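I opened my notebook beside the model.

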Amino acid sequence: MTSPTELAVVVLAAGQGTRMRSRTPKVLHPVGGRPLVGHVLDTAASLDPARIVVVVRHERERVAETVTELAPGVVVVDQDEVPGTGRAVEAALGELDDFDGDVLVLSADVPLLE
């Protein structure tokens with residue numbers, strides 16, 4: 001019998017959310033009394049991953065503070081000023097250099113996935 005593959009989860013929380021026309025970062029908008037990113041972190045944690053990495057950029061301090069309050073064990077990494085989903089995933093890869101397993105990428109603005 002083979003052993004199960006380890007899992008790492010990357011949560012993309014770096015976007016600005018300009019279409020929302022809000023001073024609040026998109027991932028911090030509440031849904032059901034909890035920030036969008038909080039729902040996604042709950043989903044990630046429910047998978048019992050070996051690691052959770054959250055990528056931040058826009059309003060970095062506010063988002064990182066909320067993320068670490070909601071999920072103290074996660075690793076927060078910074079995306080540079082080059083925009084894009086691919087670049088955000090690339091920013092997370094440094095934290096996964098020694099990881100051997102599957103990687104699931106979730107968007108912090110897509111809550112309530114099962």
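First, a term: helices (H or I, at least four residues) and strands (E, at least two) are DSSP runs, numbered from the N terminus. The model is predicted, so I noted that local features need pLDDT of at least 70, side-chain atom pairs count only at pLDDT 80 or more, and totals for chains, interfaces and linings use all residues. Residues are numbered from 1 along each chain as its sequence is written, and side-chain values use heavy atoms, leaving out hydrogens and water.

Entry 1: Two strands pair if DSSP finds at least two bridges between them. How many bridges join strand 1 to strand 6? I found six, and the two strands run parallel. Leucine 7 stands opposite aspartate 102 in strand 6.

**Entry 2: the cores.** I needed two terms here. Buried means under 20% relative accessible area, exposed over 50%, and partly exposed in between (1.4 Å probe, protein chains only). A nonpolar core is a set of buried Ala, Val, Leu, Ile, Met, Phe, Trp, Tyr and Cys residues joined through side-chain atoms within 4.5 Å. The largest core has 18 residues, and Val11, Val37, Leu41, Ile52 and Val54 touch the most other members. Strand 1 (7–13), helix 1 (36–46), strand 4 (51–56) and helix 2 (60–70) each give two or more residues to this core. Helix 1 gives the most, with four. A second, separate core has 11 residues, including Val53 and Phe99.

**Entry 3: positive phi.** Aspartate 48 has a phi near 50°. Aspartate 48 sits in the loop between helix 1 and strand 4 and is exposed, at 67% relative accessible area. Glutamate 59 has a phi of about 55°. Its loop lies between strand 4 and helix 2, and glutamate 59 is partly exposed at 33%.

**Entry 4: histidine 29.** Is histidine 29 buried or exposed? I read 19% relative accessibility, which counts as buried. Histidine 29 is in the loop between strand 1 and strand 2 (30–31).
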